[in-house]
Each structure stands twice: as structure tokens, then as C-alpha cells.
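Please keep the sequence and the coordinates in view while reading.

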Amino acid sequence: GVRMTLVPEWSQTPRGANSALYALELEAAGAPAARRPVSLAVVLDTSGSMHGNKIKNGRAALVRVLEHLQPGDQVSVVTFDTAAEVVVEAHEVGSADHDYVAAVQKIDVGGGTCIDCGLRTARTVLADAPARNQRRLLLISDGKPTVGQGDTDVLGAQVVELLGADVVTSVLGVGRAVNAKLLARLANDGSGIYQFVRNSSALDTALAKESADLGAAVATGVTIDLETAYGAKVDGPSQLTMAQLRPGTPRRFLVRVSVPENWSGDLLTARARWTTDSGPGTLSIRSSVQRGLAGVRSWAVTVEDARARNSEAMTLALGAAADGRRDEAVAALGSRLEALPPLLASAPDWVRRDMGAEQREMIRIRDIVRVEAPTSVEVRGNYLYQQFRFNNIDNGNPAQVTPVVLENPYDDLE
């Protein structure tokens, strides 16, 4: 029921390297069971930061979600600002769609942002779902908690608790200024998917993907034990877990292992175990990477690692700049900018193109955070964008004036 791959960055780890990097991926390989009916709670952020096109897109998503459900499915709507409210009680699709749409159109923005209020209320709503139904929560928000619990780890633990109650959490990030780091974390911990919805034209694609993800899980209770030999150590947790694997939703991890002075044989072994309808399953895969001078590099693994490090550096820098710690912000970006040229020197053209774009973005951010603090931050995919407030744009520093270029002039840009 599960396919697992373990790809090393190098076929032979270069001599002198003190660590080895691997990409570990699991995906559902078996056929899913028949789709069970769904009880879906849509949790919509109606705080003040959702004004304008964000709330318009949120309301549109609530209406269009009906098109992706089936007869027998249930849907409910929870809104939250400083508190949460059940706007539409759970009902079967088709039985009261007119009342549903009418209630959705009346939704407007309010005050603060209490994400944990919305999650807790949705859990109560889904607790009454029929036993045969899948339980799904779809959070629509820009991810900026200002009221109640705002700690990422605590909110992550909350969706893990939901998962323990058989509730899978997916997230739609709406608008341009989105805290994608938090929203992606909630979807990942909730065993769902995170998607960024920049404008109304992207809604249908996002909802179609979410609908396709409603296939029953192929494997549940997935655990991966990472075992090392010859004194090597995993940089991070040695056990990875996920509640379930569903068709079309592979899970990928970057695993870094410290490299001992000398070894021969298998350095890293990944042992997965899970449960399917037909019983338990297990699978082991191991790396036989050796030290050497003529190794072949998997640039896809290298780039994935570099993008993660670049995104982390940019997020840290913008957070530091927002708190007035400009020197720390510049230093965080400087360390990554110093690491990129040696990497790009031997890289193929596609890597230089992709990493070059991120390099230019980091240089631009570095130049801006020296003089201005960001008012909002958005991580979209592997790239990070930001908006800045300029108290005095006519001060001779052209780096502060950054025009926004739309891919489509008809895009709804908040």
C-alpha cells in the first residue's frame, strides 16, 4: 500500500563532508477504498485583515465548495474573528443549498483573528458527524492570529488533536499578505494539503485538488524509523509519523545525517510500517552511499534543501526587521548569500536560473530591510514576497521603491 524512495544528494559523499543529505518520500501505492461520504466544516476567517478581495474570495470558496461535494455529503460553516460562530449548521448537500448560499453572502469582516476559536468550534460541529463519514476541516484564512492562541507549535498541536479525532485539516491561504509558514504547518500537522489562492481564478483549481484528496486513505498510522550505523546521527527526529497516506498526496522529508570519519556499507536505513484494510505493512530501504571523488549529484535534492534554507533565512530576516533588529536581519540574509555562489558555480543551467532568482530576491530584501520594516510577509511556494510601508519614499534610495508586476492585469490583488 505504500511506495517509499530514498534519494541521496550524492551517489558518493565527497571527502571532507561532515554530513549527507537525503530526500525521503512516501506515497500511497495501492488503490483507495470506495469514497465514503464526507462531513466538511469550512472555517472562514472574517477578521479585519480579511477585508476587500480576501473576504470576497473566501465567500466565493464557500459557494463553490458545493460543486465539489456529492449527494450524501454534509457541509457546515464556522466563521471567526475575535470569537467563533456557527453560521451554517451541518446539513446534507442539496437539502438546503439556497439557504446556505444566502447565509454565506451575508458574511462580512469583523475584528481580531482567533484561529484557535475557529478550530475548537469546528471540532465540536464535526463531533456529531455520522460514524461512516470522513471528517474534514477546511480553514480559509490569511494566517495572522491576533486574539487567543498565536503560538505556531500550540496551534499545530491543536490540529494534531483534531487528527486524533479523525478530522483531517486542509488550508486555503487567501490574499497576497499570507502567513504561509503557519498555514502550511497546520495543513501538514493535520495531514491535509495547503494551497495558496491569490485570486478568484485560482479557486476552482484549489477546490478541485481538495476534492480529489477526499479519497479514502490507503494507509493509516504510518511510522518511519530512521536508523544509522557507524556512529552517524540524524540531524533532527529519528522517527517520523503521519496519521494517513491518501492517493495523490505524497509526503516528502529532507533527512540530514552526520558523517563519521570512516564507514563502509549502509549508513542510513528507513523502516516504515503502517496499517491498511488488509492488515499491517512494512517496508525498509537503505542507502549504500560511500565516500568518493567521482560521485553524481542529485541537483533536485540540493535545490530543495537550498530553497528551504533560503526561505528560512528570508522569514527570519523579515521577522527581525519588523522588530527593529536590522543588523540581525541583514546578517541572516548575508550568510545565505555567501553560501550560494559556490553552489551555483558548478550547477547546471536550470539550477542557476532558479537559485539566481532567489539570490536576487534576497539581495533586494537585504537592501530594503536596512531602512524599512516590513508590514506583512507572505511565503508562496518556495518564494517569499513582502509588502513595505514607506514613511519617506523620496529619500534617494531606489531600493525602497519596488513596483508590483501582475502576471495578469485582471488578477484580484489585495
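In this predicted model, the side chain of Tyr22 makes a polar contact with the side chain of Ser287, at a distance of 3.5 Å.

**Tyr22 and its surroundings**

- Tyr22 has its place in strand E3, which covers residues 19–28, and with a relative accessible area of 1% it counts as buried because the cut-off for that class is under 20%.
- Leaving aside residues up to four places away in sequence, Tyr22 touches a set of residues that includes Leu6, Val7 and Pro8, as well as Phe253, Leu254, Val255 and Val257.
- Ser287, the partner in the polar contact, is also among the residues that Tyr22 touches, as are Leu267, Leu268, Val289 and Val301.
- Trp10 lies twelve residues from Tyr22 along the chain, and the C-alpha atoms of these two residues are separated by 8.6 Å.

**Aromatic rings**

- How many aromatic pairs does the count come to? By the rule applied here, which asks for ring centres within 6.5 Å, the count comes to zero.

**Salt bridges: two separate examples**

- Side chains of opposite charge can pair when their charged atoms come close, and the structure holds 17 salt bridges.
- Arg273 and Asp225 meet through their side chains in a salt bridge with an N to O distance of 2.5 Å; this pair links distant parts of the chain, with Arg273 in strand E13 (residues 268–276) and Asp225 in strand E10 (residues 219–228), 48 residues apart.
- Within that pair, Arg273 counts as partly exposed at 38% relative accessibility, whereas Asp225 is buried, with a relative accessible area of 18%.
- Asp305 forms a salt bridge with Arg309, their closest N and O atoms being 3.1 Å apart, and because the two residues are four apart in helix H7 (residues 299–322), they are separated by about one helical turn.
- Asp305 counts as buried at 14% relative accessibility, while Arg309, with a relative accessible area of 36%, is partly exposed.

- Glu358 forms a salt bridge with Arg307, with 3.6 Å between the closest N and O atoms; Glu358 lies in helix H9 (residues 349–369) and Arg307 in helix H7, so the pair ties together parts that are 51 residues apart in sequence.
- Both Glu358 and Arg307 are buried, and the relative accessibility of Glu358 is 0%.
- Through salt bridges that share partners, Arg307, Arg353, Asp354 and Glu358 are joined into one network.
- The side chain of Glu358 also makes a polar contact with the side chain of Asn310, at 2.8 Å.

**The protein as a whole**

- The protein has nine helices and 17 strands, and 48% of its 414 residues count as buried.
- Of the contacts between residues at least 6 apart in sequence, 73% join residues at least 24 apart.
- The accessible surface of the protein comes to about 18,800 Å², and 49% of this area belongs to carbon and sulfur atoms.

Conventions: Residues are numbered from 1 along each chain as its sequence is written. This is a predicted model: local features need pLDDT of at least 70, side-chain atom pairs count only at pLDDT 80 or more; totals for chains, interfaces and linings use all residues. Side-chain values use heavy atoms; hydrogens and water are left out. A salt bridge is a side-chain nitrogen of Lys or Arg within 4 Å of a carboxyl oxygen of Asp or Glu. Buried means under 20% relative accessible area, exposed over 50%, partly exposed in between (1.4 Å probe, protein chains only). A polar contact is a pair of N or O atoms within 3.5 Å; within protein, one must be able to donate a hydrogen and the other to accept it, and residues adjacent in sequence count only if both atoms are side-chain atoms. Contact means heavy atoms within 4.5 Å. Accessible areas come from the Shrake-Rupley method with a 1.4 Å probe; for residues, only the protein chains shown count as cover. Rings of Phe, Tyr and Trp (its six-membered ring) pair if their centres lie within 6.5 Å; planes under 30 degrees apart count as stacked, over 60 as edge-to-face and the rest as tilted.
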